[in-house]
Each structure stands twice: as structure tokens, then as C-alpha cells.
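Dear colleague,

Please find below the structure that I am handing over to you. My notes on it follow directly after.

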Amino acid sequence: MSKTLLSSLQCGSHRAMEEIYQVYWEDIFDAALKKTGDEALAQDITQEIFISLWENHKTINLSGSLGAYLHGAVKYKVINYFRSGSIKEQHQTALTALMDEQHIAAADDKLILKELHLEVDAAIALLPEKMQLVFSMSRKQEKSIKEIAAELDVSVQTVKNQISAALKLLKKSLSYILLIAVLIGLT
């Protein structure tokens, strides 16, 4: 059947082309869809194959079946599509958009984190002067309790009490910051 249809097509018969289209369209479309996973792309590839068949009908030298020829055409059209720059451009565009979104989110997180640090610093500034100093030495300068006690010439217990009291006061005044940090995923 396909050899006679192709012979009729080679003679320029529009009817033969319509018959070939009717017989093979669904099968070729299914093959293209399986290879691409994209219905619109599969339709385009199928359309291109039949247009190419019509445009080149006089020069096609068929050694096997028309179905095998058309399936081979699907294979090569799909390969050419994926080799083409359009698919690379689509992936590059998607990657760029994703990177931009992550960059914006990171910038937002940094801004929020900076504001939270300012809030913490402001709360520390409200502590009594001696408590501020002990807390700062402990948390910002990362000194041990013994080092702080020796440097300030106070007992270790006094330093522990100052740090404990500072943490209690900060916890009360900054409890909302912990909620914000949890909500934006900083903890």
C-alpha cells in the first residue's frame, strides 16, 4: 500500500498525500510525543515531516516502507530540535530566572537579618552598663566566663549572673524576633 501511495505522491497526487497523512499522522504524532514529551512540539514535528514529504516527494528514494521512513524522520527531527539553540535558550532562560529569584530571596533574607541584628544591638544597648559589657565580652568577643571575671576583677559567679540576667531581659524584649526568624526560616 505505501509503495503505491508513494508512487502516486511522486506523480504529484494531492489525494495520495491526503491518504498518507490520514494513514500515518497519528502514528507519527505518537512517536514524536513519546520522544519529546511535549504535545505542541510533537505536533510541530509531525507537521514538518509531512510538509517535508510533500516538498521532496519527487526526490525521495524509498528502500523500505513509508512507515519506517516517516519514523526515521521523527527520530532526526527530534535530534535536530534538541541540538538546536532554541532548547538551549529555553533552559538558559529558565535557569537565569531561577537564579534571579534565588538572588532576590537571598538579598531579602540578608536585609531582614541585618535589621534583626540592629534590633538585637538596640536591645543590648538598653541593658545596664556593666551587664552590657559582660554580655558583649561573652557573645561578641567570645571570651570565657573565667576570662571575663579575671579581666573585670569580679567573681565567676557574678559573670554567670550578669549573663543569665542579660539573656532573660533580651529574651523578653526580643521574643518577637524569634517568631520572625522562624517564619522566614533563619533558624
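Is E142 buried or exposed? With a relative accessible area of 68%, E142 is exposed; here buried means under 20% relative accessible area, exposed over 50%, and partly exposed in between, with a 1.4 Å probe and protein chains only.

Before the remaining findings, a note on the basis of the work. This is a predicted model, in which local features need pLDDT of at least 70 and side-chain atom pairs count only at pLDDT 80 or more, while totals for chains, interfaces and linings use all residues. Residues are numbered from 1 along each chain as its sequence is written, and side-chain values use heavy atoms, with hydrogens and water left out.

Overall architecture

The chain has 9 helices and 0 strands; these are DSSP runs numbered from the N terminus, with helices (H or I) of at least four residues and strands (E) of at least two. Of the 187 residues in the chain, 27% are buried. Of the contacts between residues at least 6 apart in sequence, 58% join residues at least 24 apart, where contact means heavy atoms within 4.5 Å.

Helices α2 and α3

Helix α2 (residues 14-36) and helix α3 (residues 39-55) have axes that come within 8 Å and cross at roughly 145°. Such axes are lines fitted to C-alpha atoms, for helices over the stretch in contact, and the angles run from 0 to 180 degrees between N-to-C directions. The residues of this contact divide into 16 nonpolar, 5 polar and 1 charged. In that division Ala, Val, Leu, Ile, Met, Phe, Trp, Tyr, Cys and Pro count as nonpolar, Asp, Glu, Lys and Arg as charged, and the others, Gly among them, as polar.

T46 lies in α3 and, at 0% relative accessibility, counts as buried. Leaving aside its neighbours within four places in sequence, T46 is in contact with W25, I28, F29 and A32.

In α4, the residues L66, G67, L70, A73, V74, V78 and Y81 are buried. Seen down the axis, the buried residues of α4 fall within an arc of 130°, so they line one face of the helix; the arc is that of the directions from the helix axis to the C-beta atoms. The face of α4 turned away from its buried side carries the exposed residues Y76 and R83.

In α6, the buried residues are M131, V134, F135, M137 and S138. They cover an arc of only 160° around the axis, which puts them on the same side of α6.

The loops on either side of α7

E142 is found in the loop between α6 (129-139) and α7 (145-152). Its phi is near 55°, a positive value in a residue other than glycine. K143 is found in the loop between α6 and α7 and is partly exposed, with a relative accessible area of 24%. Not counting residues up to four places away in sequence, K143 touches M137, S138, I148 and E151.

D153 lies in the loop between α7 and α8 (156-173). Although D153 is not a glycine, it has a positive phi of about 60°. D153 is exposed, with a relative accessible area of 71%.

With kind regards
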